[in-house]
Amino acid sequence: MSPALSAALAELPGKLAAHVTLSAAALGLAIVVATPLVLLTRTRPGARWAVLAGAGLVQTIPALALLALFYPALLAVRGVTGGTLPVLGFLPALLALTLYALLPLLRGGLNGLMGIDRDIVEAAEGVGMTPRQRLLQVELPLAAPVIMAGVRTAAVWTIGAATLATAVGAACLGDFIFSGLQTENWIAVLVGCAGAAALAVAVDALLGLVESGLGTGSRFKMFAGAVGLMLIGGLAVVPQLGSAAPGKPIVVGAKNFSEQYILADVIAARFAPRRVVERTGLGSAVAFRALAGGDIDTYVDYAGTLWTGILGHDEKLPRAELLARLGRELRAKYGVGVIGPLGFENAYVLAVRRDLATRLHLVSIADLARAAPGLTLGADIEFLSRPEWAGLRDAYGLTFKAHKSFEPTFMYRALASGEADVISAFSSDGRIAAQDLVVLTDPKGAIPAYDALLLVSPARAKDGSLDATLRPLVGSIGVAAMRRANLLVDRESDKLSPEAAAKTLLTGETKK
């Protein structure tokens with residue numbers, strides 16, 4: 001068995017348990033919300049139209065966007081209430097998935113109840129049944145197959161959409177898919193997809209058994225389906241009980257590219273054997289807000305990102321002065337503590353293929369400015385909306401023929417295949433040397449320093465134990481070691497997992 005498959009299978013029980021828990025909770029909450037709405041609106045056409053239109057409107061929002069929107073919404077609620085409402089992880093994923101599951105439940109319930117022959121209802125009324133007796137003894141049994149069809153559809157949708165909950169820091173099978181796409185670990189992607197698909201098929205089949213039992217009056221089928229669903233729920237609980245450990249866990253955050261996954265594992269290893277929860281795949285702004293709000297305890301961010309994106313400065317300062325002011329301003333404005341720089345810089349750089357650099361005589365970004373109108377810029381998804389890009393563009397008057405956005409992994413492939421002529425690469429990325437790319441110099445100093453900084457949340461800023469655990473990492477990772485570790489994850493063959501690459505940093509193997 002390949003190491004990548006072994007690593008994925010070792011994590012599968014925990015991720016599957018979390019996925020089942022999230023999906024079941026969202027579906028259960030959606031049923032609780034949908035049931036009274038169906039009963040109240042089935043005889044009120046206006047209200048029924050409004051409820052179905054609202055649920056339909058939710059379905060037009062992409063699931064990933066719906067998940068992401070709950071982050072600022074919960075953040076605003078917490079700002080108003082001043083409490084400790086969690087804005088990342090399980091809660092936003094639960095709320096978004098619940099909304100996403102409502103439409104099939106509402107349509108199944110309403111179609112089932114409204115499709116009953118009126119003669120049957122009138123006959124029930126004629127024999128003196130009360131509305132409650134009529135609903136429980138006549139209408140619901142007759143509508144059950146259609147209602148169950150809605151439940152089955154909602155269950156499959158919810159299980160599939162739950163893979164996107166990784167984006168808001170919730171543990172699920174999507175962790176395999178998101179991290180696998182970033183590191184080109186296709187085995188992890190397949191394990192995540194296969195796990196979600198198998199779970200959806202199993203749940204749909206068991207609900208179908210219950211539906212068949214309701215339709216035929218077979219108690220055996222209803223019992224078998226219910227027992228199967230309970231077994232899935234039980235199997236989901238076991239790994240979570242086994243992994244439970246006393247005490248509040250340390251929550252380590254990470255953005256959505258290989259280096260961040262590696263650094264999250266480096267940090268997590270420092271806390272062993274304490275319980276650590278990793279919330280990875282976060283966007284830049286989300287990661288910092290999560291730290292400032294106490295939803296994660298620590299993560300690594302970059303000086304330039306904090307200086308321009310979080311603090312909103314466009315002033316160019318020498319590295320030492322910039323780092324000193326960052327520490328003071330982050331603490332004063334957000335209460336965030338800076339443990340210190342790890343020892344390497346991961347700056348935005350513009351890189352081109354060597355053959356193009358030779359043909360167009362490109363050495364600096366100033367050289368690129370005269371050739372840019374005939375070239376295509378490929379950038380990671382965030383770069384073109386960041387102030388660093390605006391500063392760079394304005395400083396050199398860059399005007400490209402076209403802009404294209406890619407996930408970081410595919411950005412390098414786009415450059416190699418000719419879909420992009422220039423990319424916004426990362427200076428600590430091992431693929432720059434591996435692909436023999438030319439990094440254009442920045443003679444005007446338009447891009448600020450990007451030292452990797454170890455940050456801690458306001459609640460942890462005065463935690464002496466946490467500081468003592470993390471401080472040995474300060475200055476311990478040079479750029480050459482980080483490039484080698486990144487390449488171990490990003491290279492074409494013999495890839496290592498981020499966790500394995502993190503071990504090489506901790507043991508000093510990548511410094512050799």
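Helix H6 (residues 131–161) spans only 38 Å between its end C-alpha atoms, whereas a straight helix of 31 residues would span 45 Å at 1.5 Å a residue, the expected span being 1.5 Å times one less than the number of residues. Helices (H or I, at least four residues) and strands (E, at least two) are DSSP runs, numbered from the N terminus. In H6, a kink of about 55° lies at Ala144, shortly before the proline Pro145; the bend is the angle between axes fitted to the seven residues ending at a residue and the seven starting there.

The model is predicted: local features need pLDDT of at least 70, side-chain atom pairs count only at pLDDT 80 or more, and totals for chains, interfaces and linings use all residues. Residues are numbered from 1 along each chain as its sequence is written, and side-chain values use heavy atoms, without hydrogens and water.

Strand E5 (residues 348–353) pairs with E9 in the antiparallel sense over three bridges, and Ala351 stands opposite Val439 in E9.

Two residues other than glycine have a positive phi, as tabulated. Accessibility classes are buried (under 20% relative accessible area), exposed (over 50%) and partly exposed in between, with a 1.4 Å probe and protein chains only.

| Residue | Phi | Relative accessibility |
|---|---|---|
| His361 | near 55° | 59%, exposed |
| Asp436 | about 55° | 39%, partly exposed |

Technical notes: Pairing = 2+ DSSP bridges.
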